[in-house]
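Let's take a walk through this structure together, from its overall make-up down to single residues. Please keep the viewer open as you read.

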Amino acid sequence: MSLPFHPPPFAPRMLRAAVASWLIAALAGCGGGGGGGTGSTAGDPSPPPPPVVVPIVLAVSGLAVTKMQEAGSGATLMEERLGSLTDPGPFRQLVLLDDQARERGRFAPPAGWSLIDFARHASGETSLALATARDVRVMRIDAAGAVLIDMLLVDEQAATDPFYDQGGVHDDSALVPVLTRDAVRLAALGESAIVALRTGRNAAIAYRFDRAGTTYVRAWRALVEPGLSVFAIGITSGTFDTFDQLKNHWQVFVDADAAGIAVAVPSREQFAPVFERHAAYFGEPVQAVNGALLTRLTPAGQRLGTTVIDTGTTGELHGLRVHGASAVLVGRVFSAQRADGGGWDAWFARIGRDDGARLAYRPIDVDRGEILFDTGALPADRFIAVGAAGYTQNPTGASVSEDTAPMLLILEADGSVSQRLPFPSGPRHNELRSLALRGSTWTVAGLVNGPGTHSGDGNPALIAADGIVQPLTLP
């Protein structure tokens, strides 16, 4: 059960390992004036040169970098201090960078609150979601970290949303599940904030908040999935929840662009049978029992339809992105019970945004255990995908090895692996977690020197990781 959280100071600071110069070529204006002129006139000024964008190359001591977003000629990074199974986290804070990769500001949550997620807007401002064990708060900060909006999310309908009770624990008055705070996600829709969360009834709800001066005004609320009993998953030994596998079935995922919003919810047989409850409430038969549901909404909140992603066996959802005409979901799936512990594969699914058609679904097996966290769109309907590989897991349990390698893939439109690109591996556990397009160059964020499930059993100090951010060179 979540407990009150008073975050310690985030003592580890960001260390710049290197900052390379990278220049977007400026276009010189050519005018029709006399020799040596600038070509400008009072009525027809030359456009300003594009800004010089410096790539972000960072090493962060003691804190993982679990998310990165670029917008408004700057970037927002989420740093996270990893905690044990008994810690009430998550313990997250934000770092705000300008287009020169210089730190402009930081944000850490107030005492008693956890920072859960963020979304960066084109203006350079960032919306935030914070939570306690029961409440959710939506905030907005400027490019230097100053608070512009601070609003408690109030939803009186949450207590009366449809609920399919099988005896599981729930709290009708809470806006987060009883057993985790980490069930709120944000996306930017222009300068509006899209919030998706699982309530204390475990219903999946989406909201749109439009900025109105110093506050947010709720434009709409949409029930994505009804409430249902969700049951806890435990482990018999170990001190760290590698890959969030003990709480993934409570989580929700969201992304948005001008064309609309996508919300995804995992379904897991016995522990979180969302498929079954979706079928009962919406009258849409579902034969699958494990996987995820992707719901498409218009910018006005109208439900367009829901697509089932059937992973067959136990699966986890770890990433959702809208890429033009497609929505791409990624995670991992328990493909086979193998004695060597390599039975988990990554999975990739692509859904058409116009009609909800399942355009692709594919497990990905490159080296023992694999997981994918994020994707980016490349030309010709190809994708870049990041995650981790080379781990093993107890074939009858949840214990993940400490030894894990970074995974960087180029995928075809159907999810098949075109190429696994080299990426330097750090000590212990490695994960590539987040992608952002900085100018015309992809940047990846993640962690090295992280823990496995049992790393901290005898020494809690080993439940720690170091963050990395660096640009990628693609073929």
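Predicted model: local features only at pLDDT ≥ 70, side-chain atom pairs only at ≥ 80, totals over all residues.

Residues are numbered from 1 along each chain as its sequence is written, and side-chain values use heavy atoms, with hydrogens and water left out.

**The chain as a whole**

The protein chain holds one helix and 31 strands; here helices (H or I, at least four residues) and strands (E, at least two) are DSSP runs, numbered from the N terminus. Of its 475 residues, 56% are buried, where buried means under 20% relative accessible area, exposed means over 50%, and partly exposed lies in between (1.4 Å probe, protein chains only). Contact means heavy atoms within 4.5 Å, and among contacts between residues at least 6 apart in sequence, 58% join residues at least 24 apart.

Helix α1 spans residues 274–282, and its buried residues include Val274, Phe275, Arg277, His278 and Ala279. Just after α1 comes Gly283, with a positive phi of about 65°.

**Spaces in the structure**

Both kinds of space are found on a 1 Å grid over the protein atoms alone: a cavity is a set of points where a 1.4 Å probe fits but cannot get out, and a pocket is an open set with protein on both sides within 12 Å along at least five of seven lines. Lining residues have an atom within 4 Å of a point. Grid points are joined across faces, edges and corners, and a volume is the space filled by probe spheres set on the points.

The second largest pocket contains about 320 Å³ of space. Its lining has 20 residues, and those closest to the centre are Gln245, Gln393, Thr396, Gly397 and Ala398. By class, this lining has seven nonpolar, eleven polar and two charged residues. For these classes, Ala, Val, Leu, Ile, Met, Phe, Trp, Tyr, Cys and Pro count as nonpolar, Asp, Glu, Lys and Arg as charged, and the others, Gly among them, as polar.

How many cavities of 30 Å³ or more does a search of the whole structure find? There is one. The largest cavity has about 30 Å³ of space, and its lining is made by Asn248, His249, Pro266, Ser267, Arg268, Gly315 and Glu316. Strands β18 (260–267) and β21 (315–323) are the elements that give two or more residues to this lining. The lining of the largest cavity divides into one nonpolar, four polar and two charged residues.

**Aromatic contacts**

Rings of Phe, Tyr and Trp (its six-membered ring) pair if their centres lie within 6.5 Å; planes under 30 degrees apart count as stacked, over 60 as edge-to-face and the rest as tilted. The whole structure has eight aromatic pairs. In one of them, Trp347 and Tyr361 have ring centres 5.8 Å apart and planes at 45°, so this pair is tilted. Trp347 belongs to strand β23 (residues 344–352) and Tyr361 to strand β24 (residues 358–364), so the pair ties together parts that are 14 residues apart in sequence. Trp347 is buried, at 1% relative accessible area, whereas Tyr361 is partly exposed at 22%. Elsewhere, Tyr207, Phe209 and Tyr216 form one aromatic cluster.

Charges also meet rings here. A charge sits over a ring if NZ of Lys or CZ of Arg is within 6 Å of the ring centre and within 35 degrees of the ring normal. The table gives two examples.

| Charged residue | Ring | Distance to ring centre |
|---|---|---|
| Arg185 | Phe253 | 5.9 Å |
| Arg303 | Phe282 | 4.1 Å |

**Loops and backbone**

Most residues other than glycine have a negative phi, and most peptide bonds are trans. Phe243, however, has a positive phi near 65°. Phe243 is in the loop between β16 (227–228) and β17 (253–257), and is buried at 6% relative accessibility. Arg368 has a positive phi of about 55°, lies in the loop between β24 and β25 (369–378), and is partly exposed at 37% relative accessibility.

Gly89 and Pro90 are joined by a cis peptide bond, with omega about 10°. Pro90 is in the loop between β4 (74–81) and β5.

Is Asp98, in turn, buried or exposed? With 13% relative accessibility, Asp98 counts as buried. Asp98 lies in the loop between β5 (91–97) and β6 (103–107). Leaving aside neighbours within four places in sequence, Asp98 is in contact with Ser73, Gly74, Arg104 and Arg438. The C-alpha atoms of Asp98 and Ser73 are 6.6 Å apart, although the two residues are separated by 25 residues along the chain.
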